[in-house]
Amino acid sequence: MTRIRFLATLALAAVSASASAQLSVEITGAGANRIPIAIANFEGERIVSQALVSVVRADLERSGVFRLIEPGAAPLGETVALNYGDWRSRTVDGVVVGSVLPLAEGRYDTRFRLHDVPKQALLVAQGLAHASTPYQLRATAHRMADTIYEKLTGEPGVFSTRIAYVVKSTGRYELQIADADGANPQAALASREPIISPTWSPDGNKLAYVSFEAKKPVVWVHDLASGRRHVAANFKGSNSAPAWSPDGKALAVVLTKDGSSQIYTVRVDGSGATRLASSPGIDTEPRYSPDGAWIYFTSDRGGSPQIYRIPASGGAAERITFNGSYNVTPRPSPDGKSLAFISREGGRFQLTLMDLSSRQTQILTDSVKDESPSFAPNGRMILYASESGGRGVLAAVSSDGSVKQRLSIQAADVREPAWGPFVK
Amino acid sequence: MITYFSRTFLAASVCVIAACSTTGGGGESEAPKGNLTPAPDQVRTIVAPETGLSKADLFALRDPASPLSKRSIYFDFDSYVIKPEQRLVVQTHGKFLAGKRGVKVVIQGHADERGSREYNLALGQRRAEVVKQTLTLLGSASDQIEPVSFGSEKPLAAGHDETSWSKNRRADIVYLGE
């Protein structure tokens, strides 16, 4: 697991490091047809001080896809012979059993099996014979949850992924990285000036973001493992809205060096700035389609901010949104089939999803101030910034609108979320 | 340790000030890789921006009775059109600047909190650009004026209603060396 080193950077010397408060996750809505599963207490789990099974349960429950059935207090080991009839009478579809065995040097071997109750068969015969230190047990639990999720839904789970977001407290901005469940928050950067638009490199090793620490917006690229960072765009005027090309070699950025905000591409080292499009007004918020063919962006060239796309190599722009007078922040889904964006309707700014083949749209939230949507790498959930009780919170909604979560930190504003890619 | 710390901090502050003045020029990207300590030649650029403001200028800018004390131009939601009632402020500063080539200003564009942060950043930049264009039409030189944007990141009024929003949709004229 990559540990993120705290980086004390220039002009931030007087900002002291503080223990980061953790995001608490609250489930505010769940899917209608949830899969009933039971996750038994693991044999031997009591010997480890860290939570394991409870993390697996919390992951699966939070996804909104599963209904957790009370498994009973007795631990069920990896090789236990399951009484399928008994579980079927309790209408359970999947049962997870497992064992934790101590190894040398304070490490643990963790094994589990997933039983398909209706088929009376093993879906996972031997999951994750995995030696981990106590420190790694949480990661082990997330990987178990990923395996279980994938076996039962046919799609990869995202419990091992990470998220980035910005926490604002009085006079202080922190760019934080946490596990997808909000645990293990680490500050990658702290500043007295705003930080916006963090976005993950496709390999998950770097973040690009906009920092105002030089009293103007400048685009940085930050290596998370080493804590090293470099300026990717610092031209005259504003430098903002970085977006990674799918091959991770280039960034689309918005520069004002030649007038109003326009989209350029630069190599990740900051060289080779090339203008991609031309409009008399504002072009901003570029985002590559996953296949790299298109760049979606926001432009007011038609008189109000709307979403357009152009071929990534440049060319004619095609308008994508037509309803209403304010459609911004386009985010293509990982499969490239839909587009999340923020739409203003009757004074409310709401997360909206468009099917790119039919161009049908669906409003996914009932909030008033949604911003910055970010797809989970499996496309199932969309993380976004919203407001609750006058404070910035993060929220997540499934792409069908049924599952809802709220992630907040006590007494701080949380904003600008970015969901990281799958962990290799 | 303390000496090292304060020296690093001093150097860091210097670098920020240097990065702050980006008026004119080709605007090439600087990409220091990892090493954030400014090179000696960067440190030599620590001079405060030269002010071409005379004592009389400063008095005129600061006198609350002077029209020059009004420095903000307000805008409608999602608009960067200077409204008729806002023109006088721009004209006053335009005339003042036109005769004083040594005086430099930064136009700081802002937006209210609603909508996209990045779009608001672009909107604030556009507001600052529009004020710059008008000032140049009135006879100021382009290199006297640098437009920058803080988008919706630095609201003047903290409320979440139209009263606050209307104060935050603006461009401020900031005189360097004032």
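**Exercises on chains A and B**

From the N terminus on, chain B runs α-α-α-β-α-β-α-β-α-β, with helices (H or I, at least four residues) and strands (E, at least two) taken as DSSP runs numbered from the N terminus. This is a predicted model, in which local features need pLDDT of at least 70 and side-chain atom pairs count only at pLDDT 80 or more, while totals for chains, interfaces and linings use all residues. Residues are numbered from 1 along each chain as its sequence is written, chains are lettered from A and ligands numbered from 1 in the order in which they are written, and side-chain values use heavy atoms, without hydrogens and water.

**Exercise 1.** Describe helix 4 of chain B and state what covers its buried residues.

*Solution.* 
- Step 1: Helix 4 of chain B covers residues 87–98, twelve residues in total.
- Step 2: From first to last C-alpha this helix reaches 16 Å, close to the 16 Å expected at 1.5 Å a residue; the expected span is 1.5 Å times one less than the number of residues.
- Step 3: Its buried residues are Val89(B), Val90(B), Thr92(B), His93(B), Gly94(B), Phe96(B) and Leu97(B). Buried means under 20% relative accessible area, exposed over 50%, and partly exposed in between (1.4 Å probe, protein chains only).
- Step 4: The cover over these residues includes helix 3 (55–62), helix 5 (117–137) and strands 1 (72–74), 2 (105–110), 3 (145–151) and 4 (170–175) of chain B, where contact means heavy atoms within 4.5 Å.

**Exercise 2.** Is Gly336(A) buried or exposed, or does it fall in between?

*Solution.* 
- Step 1: Gly336(A) lies in the loop between strand 22 (327–332) and strand 23 (338–345) of chain A.
- Step 2: Gly336(A) counts as partly exposed because its relative accessibility is 31%.
- Step 3: Leaving out residues up to four places away in sequence, Gly336(A) touches Pro290(A) and Leu356(A).
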